Amino acid sequence: MKLNKIILTAVSATALTAVCALAGPTRNVIDEVAWVVGDEPIFRSEIEEMYQQMRSEGENVQGDPYCTLPEKIAVEKLYLHQAKLDTIEAPEAQVMSAVDKRLQFFITNLGSKEKVEEYFRKPLPQLREQLLEMMRNNYIVEQVQQSLTKNVKPTPSDVRRYFSSLPEDSVPYVPMQVETQIITLEPNVPQQEIEDVKARLRDFADRVNRGEAEFSTLAIMNSEDDGSAMQGGELGFHGRADFVPEFSNVAFNLNDPKKVSRIVETEYGYHIIQLIEKRGDQVNVRHILLRPHVSSKDLSDAVHRLDSIRKEIVGNTFTFEEAAQYISQDKDSRNNRGIMVNQNNGSSRFEMQDLPVEVARRVETMQPGDISEAFIMKDATRNRDVAAVVRLTERIPGHKATLSQDYNQIKQMYENWRRQQILDEWVEKKIKDTYVRIEEGWDGCDFKYDGWLK
């Protein structure tokens, strides 16, 4: 769950192979220092492990891996050094939560902790430590890069000049896209279910306030926020704007770490909160989230209600746009005539794989103007089932990108290009200001960046 307008979400588990290098390659290599960047050595073992990872993932290494990979590690060390100067740190609660999610993913897919240890050829505590370091460094490097490129704000003329400069064979092909509208209805939640949830939370709060239970233990055992439950409900330090207002108003008014807040209702469910620490304009809290659950009958009733609304739209009693504005509970689209917005690029166009699975399944066989029958879909943000109908507004055939049709995509291309340009310039300047030594046997390379060999 997310309190980015709710609560912190753990990094979702990726494919198992994404960290298969952690298994460590089978080798008998006498370790040696290959590079030194500042006062940080790069060992042959680091390079071998990265190479093994990329091979296991089926990723091609451009050029000689014993040239490109140590350079990649060296660049990361430049970013990490800058992070120390800028006092950029990774929020430990977020990193630990992400690692726990990843480890649980491994256990679920491989079958047991023992099989995970066998697969990675190392005990679980050692695997955890490696994951912690990897995710911590990834977060820190991303923060430094975002800081360096935060002022990239292209104008239309920037985008036009960039597009005009692209060679013909670099103009991208845009796959078939669709524009859609959506109306959603949430099932009615029985009042008794809400009262039962509140009663459980009051019981938890009373037990903590009386000293009979630890809040963190209750969070691990009961909280429905998967992103923080394994961390005892801890969210890490956040500013007021990181949370939805109802949550923020209570969290930032807590003063006694030994006491538990009143029950807080948000669009994501019901919470109780405990203060851990305040630090300036940021706060670190724990929370327990419980959600009222609905029956299949409640969901079925919502589908029937929405089907009735669909019939009135088709019968011209009112328009889809009017229904979206006055009836839909999809907060991201109801004030936008029901138009779905692609969160990846801010446009109203979606490639089929970018749509929610349930929506894509209906849209695939529809024609522009068609309105689907009501169906059940998962509201991923709030992790709950809702009833929905969708209208296919337009289907745009695949084509070579043009400025008039695909401005947002071209703008994104320009932003990516400009950011990379800024980062490359920063790296080359940083190399000039940093002590670098490349040992004999590792220096006969055509590196991406100039200045390593001084």
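Me: Which side chain of opposite charge is nearest to aspartate 298, a residue that is buried yet has no salt bridge?
Reply: In this predicted model, local features need pLDDT of at least 70 and side-chain atom pairs count only at pLDDT 80 or more, while totals for chains, interfaces and linings use all residues. Residues are numbered from 1 along each chain as its sequence is written, and side-chain values use heavy atoms, with hydrogens and water left out. Aspartate 298 counts as buried (under 20% relative accessible area, with exposed over 50% and partly exposed in between, using a 1.4 Å probe and protein chains only), and a salt bridge needs a side-chain nitrogen of Lys or Arg within 4 Å of a carboxyl oxygen of Asp or Glu.

Me: Leaving aside neighbours within four places in sequence, which residues is aspartate 298 in contact with?
Reply: Aspartate 298 lies in helix H11, residues 296-314, where helices (H or I, at least four residues) and strands (E, at least two) are DSSP runs numbered from the N terminus. Taking contact as heavy atoms within 4.5 Å, its partners beyond those neighbours are Pro187, Asn188 and Pro190.

Me: How many residues apart are glutamate 179 and arginine 349?
Reply: Glutamate 179 forms a salt bridge with arginine 349, with 3.5 Å between the closest N and O atoms. Glutamate 179 belongs to strand S4 and arginine 349 to strand S9 (residues 349-351), which makes this a link between distant parts of the chain.

Me: Is arginine 161 buried or exposed?
Reply: Arginine 161 forms a salt bridge with aspartate 158, the closest N and O atoms being 2.7 Å apart, and both lie in helix H6 (residues 156-165), three residues apart, about one turn of the helix. Aspartate 158 counts as buried because its relative accessibility is 18%. Arginine 161, by contrast, has a relative accessible area of 53%, and is therefore exposed.

Me: How is arginine 279 classed by its relative accessible area?
Reply: Arginine 279 forms a salt bridge with glutamate 277, the closest N and O atoms lying 3.7 Å apart. Glutamate 277, at 35% relative accessibility, counts as partly exposed. For arginine 279 the relative accessible area is 49%, so this residue too is partly exposed.

Me: How many salt bridges does the structure hold?
Reply: Glu32, Arg44 and Glu48 are linked in a network of such bridges. For the structure, the number of salt bridges is 21.

How values were computed:
Lys, Arg positive; Asp, Glu negative; His and termini not counted.
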